[in-house]
Amino acid sequence: MEPVLLAQGAEARVYAARLNGSPTVVKERFAKAYRHPDIDYRLRSTRMAQEAKMLLRARQAGVRAPTVHFADMQACALHLEHVDGPTAKRFIQERTVEEVHAVATAIGEAVAKLHDADIVHGDLTTSNMLLRGGAADQLVMIDFGLGQFTTLVKDKAVDLYVCEKAFLSTHPSSDALFAHMLDAYKASSRHGAEVVSHLDKVRARGRKKICLG
Amino acid sequence: MAARDEGRAFVLEPYPDRRMHVIVLDDVSNAAEVSAWVRQPGADFAAVDARMVVGMPQLLAAALCALHAEQRGKLVTHALHSEVVYALSAGKQINEAFRRFGAGESCARIVIVTFDAGAAARLSERILGRRVDPLSLAERFDEAAVRKAYKVTEAELRVASLSDAIVSRIAIQRL
């Protein structure tokens, strides 16, 4: 079957495909002609490996993430489980207030679990969260391409900051919803209070300046 | 003449010209012999302890990794069939993989995996045991041993099936 292109980003293309009878999503980090071939391959393969490991670690932390079916080390392509369901973005736009509230809670709890396992997602937008079968209690986190392992409170606060920016820009007048998500985060994360208080500092100075200490 | 028995054949999609033959046997009485055959250089099959197999997705994932490694010239164990046993493991240690997943001398339930139809036909005559459908692997396995080998926690099983948890580990093993 011909793979169908679903999305294209700066470093990868995402296809719909099949593997051993089940529907899959293939995320292929394509070669960049402007880089030296050796360096290019090393970058693509290490990034693929990093993302795959993060998907597994997320699950070990109790957060739903796609199954990795196969890592093609030739093409630097990950063959992932196809998760059937709407994005959290669409869900929030279309569903009732109660359902949307339940999803905000689920997001807060999932991010808390990731952070407690020292995983920072790096791109917490509502487009990177799926609801398997359209169920509010089946939140699946996808696209760990910008993720990293870190124990630092500031990295986790920046993760929340990115999430807040994405939330407020995709969902108009969703301040209350994000606040609800933060409450759920604070309640279920071990260092919730600490991270959320650091979030205020990040809000004051922005995401980038964080690296200047 | 009756068609020869090559077990059940599976095609792995990225390698359409290869066929993976799977034979599952219960109450095997000559496991010591099987274990000796599989240890010979140039063995054309893999013998896996069925207690460690939770279903076909696990075997397909390992077989796919082994074929991929062969194609790239990156076989860790230097032979395709032994690579299947190695690929089943979550870790990179060869010894450990064979100790845990290889069918030992006293193994009563054995899964034979081979990419050689001739080997499948030969083994289905020579191994003394009761044939079982490969799809029934999912019904009988040693859950405690499997979970220990793959280090699967309770938290993970709340968000994923055991089979999916294992497939992810097999896919990621070499990264």
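How do the residues of the lining of the largest pocket divide into nonpolar, polar and charged? In this predicted model, the residues of that lining divide into 14 nonpolar, eight polar and seven charged. The paragraphs below turn to the pocket itself and then to the sheet that contributes to it.

**The pocket**

The largest pocket holds about 750 Å³ of space. It is lined by 29 residues, and those closest to its centre are A:Val14, A:Lys27, A:Asn128, A:Ile142 and A:Asp143. The elements of chain A that give two or more residues to this lining are S1, S2, S3, helix H1 (37-60) and strand S5 (77-81). Because domain 1 (4-81) and domain 2 (88-212) of chain A both give residues to the lining, the largest pocket lies between them.

**The sheet**

Five strands of chain A form an open sheet in the order S1-S2-S3-S5-S4, and the pairing in this sheet is antiparallel. Strand S1 (4-8) and strand S4 (68-72) of chain A are the edge strands, each of which pairs on one side only, and the twist averages 25 degrees from one strand to the next. Strands of a sheet pair through backbone hydrogen bonds, either parallel or antiparallel.

| Strand pair | Sense and bridges |
|---|---|
| S2(A) (residues 12-19) and S3(A) (residues 22-29) | antiparallel, eight bridges |
| S3(A) and S5(A) | antiparallel, five bridges |
| S4(A) and S5(A) | antiparallel, four bridges |

Individual residues can be followed across these pairings. A:Val14 has A:Lys27 in S3(A) as its bridge partner, and both A:Val14 and A:Lys27 are among the residues closest to the centre of the largest pocket. In S5(A), A:Leu80 is the bridge partner of A:Val25, and A:Leu80 is also the bridge partner of A:Val68.

Is S5(A) mostly covered or mostly exposed? S5(A) is mostly covered, since five of its five residues are buried, and in the order of the sheet S5 stands between S3 and S4. Together with S4(A), the strand S5(A) forms a hairpin that has four residues between the two strands, and within the turn A:Cys76 has a positive phi of about 55 degrees. Although S5(A) is mostly covered, strand S5 (77-81) of chain A is one of the elements that give two or more residues to the lining of the largest pocket.

Terms used:
Residues numbered from 1 in each chain as written. Chains lettered and ligands numbered in written order. Predicted model: local features only at pLDDT ≥ 70, side-chain atom pairs only at ≥ 80, totals over all residues. Heavy atoms only, no water. Pairing = 2+ DSSP bridges. Axes fitted to C-alpha atoms, helices over the stretch in contact; angles between N-to-C directions. 1 Å grid on protein atoms, 1.4 Å probe; cavity = no way out; pocket = protein on both sides within 12 Å on 5 of 7 lines; lining within 4 Å. Points joined across faces, edges and corners; volume = space filled by probe spheres on them. Nonpolar A, V, L, I, M, F, W, Y, C, P; charged D, E, K, R; others polar. Domains from an automatic or database assignment. Buried < 20%, exposed > 50% of the residue type's maximum accessible area, 1.4 Å probe, protein only.
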